[in-house]
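Here is a friendly walk through a two-chain model, written for someone who likes to check geometry against the coordinates. Please keep the viewer open as you read.

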Amino acid sequence: MIAKPARREALAGLAMVAVGFGFFAASFGIDVREQGGIAPRVFPMAGALLIALLGAVQAGLGVARADPAPDGRMAAEAGVQDHARDTWHIAGLLALSAAYVIGINYFGYLVSTAAAAPIALYLFGVRSIPGFAAAAVLCPAIYHLVFFVGLGVFPPYGLWFDLLDVIQGH
Amino acid sequence: MEIFAGLLTVFSDPWVCMWIVAGALIGMVVGAIPGLTSAAAIAMLVPVTFYMEPLSALAFLYVIGKSGRYGGSIAAILFNTPGTAAAAATQIDGFPLSQRGLSSKAMKVATVSSAIGDFTGDVLLILFVGFIAKVALMLGPPELFSIYFAAFVVIGSVIGDSILKGLASAALGIVVAMIGLDPITSQDRLTFDFFQLSGGVPLVPIIIGMFVFAEVFAQLEKRDRKVEAFQDPLRDDKTANRLTWAEYRPCLPHVFRSSFIGAFIGMLPGLGSSIAAFISYGEGKRRAANADEWGKGALEGVAAPEAANNAVSGPSMAPLLTLGIPGSTIAAILISVFHIHGFQLGPTLFLTSREIIYSLFAAGLVGIVAYGIIGFYGAAHVGRMILKIPTRILYPLIFLTSFVSAYAARGSLFDVWIMMIAGVTGWLMRKYGFNPPAFIISFVLARGAEEAFRQSLRLSDDGLMIFVQRPVAAAFIVIGVVVILMRARRMSREAGP
């Protein structure tokens, strides 16, 4: 079995190769026109190739440095538990982020922020019901007042429903 | 003389003065919060400044950057957790002083040293930036491209622990910057059929994602880990914590030497304040008469890195203002503020907008005085306040702010998606030892580098040979190659057989 740091290094290298080749392949989609020759492709292709090349070296070094995994089952088990919990939290925050933006698109800023604020607090370990209620009311109100009233930014209206429409009597 | 006119401009506008003081306070608080950097604060506040007067906007953010560099020392001294990477050197002697009940004294030394270092850096900037701009006006596209090349190499290979990952981060920044319309032929490049990407990937959401959103993920991962216990600075013995001239005088040679080290490093793109702080600490310890006390709570060990750390601030603006090449992450973020207010960065800036530039320098000097006074008398209070802000409330608020800030920059939800993707990418990059600052600085530089490269080839009769035939261009190419070779050699030596 390969030790975790070496595996991480190899994995990082492989990810670099994948990203590099992805962009390299995409660079072929850039038209070659008489006016510009291959010039528009040069920088994207060179950058992408460099990433892939560095990734290949990185992966190679990761594999070359691979030592056997140290024996420490209990520590490893505790680490696995921590890792699993962290992964759930991160996945939760990612899902919340995506849902929040989609929510803003369909239900406007106020409703989405009122829903997202308590969930974000929950993910960070807050367990107070009054705290959730306060966040649901104060966060949308304060952000709205600062950015959309104070700075005059045009608010993102919801496609299906927007509380701001209701408040403004439209 | 321009600097006196600049000072007059600053003092004649109470709003500018107010924004400078606000910047000093915000920077100090943000810098002192472990995990949050002044770059993150500036990234979040950039969209807000789009609605301000140009000088107020630039002065506000510039002073946040200065004060934030200093604020990192508060967390390093009090919590044994550096608020910024540069403050890690301050922590070596700062925290032992705190454990002995001398945290206020350590913070006063940090404040005075930071202010002196910052002032020295700014004075050098003011004295020499005009000269650098004049030289920069003589550079043609081949010279500019070779400077960009050297900057990419230095940024990619010197910041961070891994040369491979650093260079890959810089290369990724270049590729992402290529997304959008080609500047010469106007054809789509790497837009993946998203018409919103035709104008290129916007800088502000990328910065907010990389520095703010990514930090929220990083904090979520370590939310259960507690900071080291420390003594409340306000309960320390007030008499013992009074800083006397006799105590500070031995620090002065270290402060002046470190200020010049910091100022020199600040001029080189990408090296940044953490390298300056550690070099100054090492150099100070090597020359110190009481070298055995360093690491156990020597005041000089706090003074040296703090002076160097802040001396970087002013000179890091020199490559930005004269060549359009940001010397630091904060300088890279400031580019968007200059652009939105209609300033074209580069040597011509000193012909077209001389007044605002010297007013900005003057604002920097006033900012030093502001954070110096606030820090000298209030750092202990700031430290205490930060302990009262629970991470579990602070970071959800930062999470929500990152969304609205990314949206506010251009009023586009597409930008919010970009911010999210950049945030997750930034978090993964940090987790796997890649280098987000190298990514950002390269992202900012890439378009200019491409333009200079293509202009050079159009000028050339011998293709790529133009970069070798012009002596200045060749010198910078050689510098880039030598930096890579030296760094690679050093790393392979450190890695051992």
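Predicted model: local features only at pLDDT ≥ 70, side-chain atom pairs only at ≥ 80, totals over all residues.

Chain B comes to 22 helices and two strands. Its radius of gyration is 22 Å, close to the 23 Å that the globule rule gives for 497 residues, so chain B is as compact as a globular protein of that length. Of the 497 residues in chain B, 61% are buried.

Chain A has five helices and zero strands, and from the N terminus on its elements run α-α-α-α-α. Among the 170 residues of chain A, 30% count as buried.

Contact order is also worth a look in both chains. Taking contacts between residues at least 6 apart in sequence, 78% of those in chain B join residues at least 24 apart. With that cut-off of at least 6, the figure for chain A is 72%.

## Where the chains meet

## Helices α4 and α17 of chain B

Now zoom in on helix α4 (residues 54-79) and helix α17 (residues 354-388) of chain B, which pack at an angle of about 30 degrees with their axes 8 Å apart. The crossing of α4(B) past α17(B) is right-handed. On the α4(B) side the contact includes B:Pro54, B:Leu58, B:Tyr62, B:Lys66, B:Tyr70, B:Ile74 and B:Leu78. From α17(B) come, among them, B:Ile356, B:Leu360, B:Gly364, B:Gly367, B:Tyr371, B:Gly375 and B:Val382.

An α-helix has 3.6 residues a turn, so residues three or four places apart point the same way. By class, the contact of α4(B) with α17(B) has 16 nonpolar, six polar and one charged residues.

## Helices α6 and α13 of chain B

Helix α6 (residues 103-137) and helix α13 (residues 299-311) of chain B have axes that come within 7 Å and cross at roughly 35 degrees. Which hand does the crossing of α6(B) and α13(B) have, left or right? It is right-handed. Contact residues of α6(B) include B:Ala106, B:Ala110, B:Ser113, B:Gly117 and B:Gly121, while those of α13(B) include B:Leu299, B:Val302, B:Glu306 and B:Asn310. Together, the residues of this contact divide into ten nonpolar, seven polar and two charged.

## A close look at α5 of chain B

At 1.5 Å a residue, its twelve residues should span 16 Å, and the end C-alpha atoms are 16 Å apart, which agrees.

The helix α5(B) is mostly covered, with ten of its twelve residues buried. Among them are B:Ala89, B:Ile92, B:Asp93, B:Phe95, B:Pro96 and B:Leu97. After α5(B) comes B:Gly101, whose phi is positive, near 80 degrees.

## Two single residues

B:Ser280 lies in helix α12 (residues 272-287) of chain B. Why does B:Ser280 count as buried? It has 29 C-beta neighbours inside 10 Å, and the cut-off for a buried residue is 20 or more. Leaving out residues up to four places away in sequence, B:Ser280 touches B:Ser258, B:Ile261, B:Gly262, B:Ala304, B:Pro305, B:Ala307 and B:Ala308. The C-alpha atoms of B:Ser280 and B:Glu306, 26 residues apart along the chain, are separated by 9.0 Å.

In the other chain, A:Ala6 is found in helix α1 (residues 4-27). With 18 other C-beta atoms within 10 Å, A:Ala6 is partly exposed. A distance of 43 Å separates the C-alpha atoms of A:Ala6 and A:Asn105, which are 99 residues apart along the chain.

Terms used:
Residues numbered from 1 in each chain as written. Chains lettered and ligands numbered in written order. Axes fitted to C-alpha atoms, helices over the stretch in contact; angles between N-to-C directions. Helix = DSSP H or I, 4+ residues; strand = E, 2+ residues; numbered from the N terminus. Left-handed = near helix turned anticlockwise from the far one by under 90°. Contact = placed C-beta atoms within 7 Å. Nonpolar A, V, L, I, M, F, W, Y, C, P; charged D, E, K, R; others polar. Rg over C-alpha atoms; globule rule 2.2 N^0.38 Å. Expected span 1.5 Å × (residues − 1).
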